[in-house]
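Hi everyone, thanks for coming. I'd like to walk you through a structure today, starting with helix packing and ending with aromatic rings. Let me put it on the screen.

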Amino acid sequence: MKPRIILLEDDDAMRKGISMLLKRSGYEVLSASDPGLCPIYPSENAHCDHKDSCGDFLLTDNQMPNMTGLEFIEAQNRRGCKGVIRNKAVMSGSWTQEDQEKAKQLGCKIFHKPFDFEELLDWLEERKSSIPADRTLVDFTDKLVTD
């Protein structure tokens, strides 16, 4: 099974470009333009009832519709997301010191836009070795697209 990346990016061209490059590098990519499409977001009281994770990695833009990428990750943590926090990364072209500190507190990798794609691939490759070969992932492909 290929490592699965959940990609959240509201810029269509950027999302499709990153998705294409990741797929060419051997990853399965599920993407969305809005973090609100995550299945656990129908209401503030929603909770993840999945036994398994939806993906091996999360790569999100920080400036997104309805919430920032960091707010999305905080909400995932509160709502019982099964994703591995050390495999979550946030991209931004306008990092504030406060946002960088919040990302650090959440244990997220940060990337500065425009980022070096090789740096992203190196991070993914490093983290990929910690993914159990026998893991199972939730099938929610009807909620996200595979650009």
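Let's begin with two helices: α2 and α3 pack at an angle of about 25°, and their axes are 10 Å apart. Please keep in mind that this is a predicted model. With angles under 35 degrees counting as roughly parallel, α2 and α3 are therefore roughly parallel to each other. Their crossing is left-handed. Who makes the contact? On the α2 side we have L70, I73, E74 and N77, and on the α3 side D99, K102, A103 and L106. By type, the residues of this contact are four nonpolar, one polar and three charged.

Staying with α2, which spans residues 69-78, the buried residues are G69, L70, F72, I73, A75 and Q76. Their cover includes α3 (97-106), along with strands β1 (4-8), β3 (57-61) and β4 (88-92).

Now for the rings. The count comes to four aromatic pairs. Take F57 and W123: their ring centres are 5.7 Å apart and the planes sit at 65°, so this pair is edge-to-face. F57 is in strand β3 and W123 in helix α4 (residues 117-128), so the pair links distant parts of the chain, 66 residues apart. At 3% relative accessibility F57 counts as buried, and at 9% W123 does too.

W123 also pairs with F111, again edge-to-face, at 6.0 Å centre to centre and 75° between the planes. F111 lies in strand β5 (residues 109-112), so here the parts tied together are twelve residues apart in sequence. F111 is buried, with a relative accessible area of 1%.

And to finish, Y27, F57, F111, F115 and W123 form one aromatic cluster. Thanks, everyone!

Methods:
Residues are numbered from 1 along each chain as its sequence is written. This is a predicted model: local features need pLDDT of at least 70, side-chain atom pairs count only at pLDDT 80 or more; totals for chains, interfaces and linings use all residues. Side-chain values use heavy atoms; hydrogens and water are left out. Buried means under 20% relative accessible area, exposed over 50%, partly exposed in between (1.4 Å probe, protein chains only). Helices (H or I, at least four residues) and strands (E, at least two) are DSSP runs, numbered from the N terminus. Contact means heavy atoms within 4.5 Å. Axes are lines fitted to C-alpha atoms, for helices over the stretch in contact, and angles run from 0 to 180 degrees between N-to-C directions. Angles under 35 degrees count as roughly parallel, over 145 as roughly antiparallel, 65 to 115 as roughly perpendicular and the rest as oblique. A crossing is left-handed if the near helix is turned anticlockwise from the far one by less than a right angle, and right-handed if clockwise. Ala, Val, Leu, Ile, Met, Phe, Trp, Tyr, Cys and Pro count as nonpolar, Asp, Glu, Lys and Arg as charged, and the others, Gly among them, as polar. Rings of Phe, Tyr and Trp (its six-membered ring) pair if their centres lie within 6.5 Å; planes under 30 degrees apart count as stacked, over 60 as edge-to-face and the rest as tilted.
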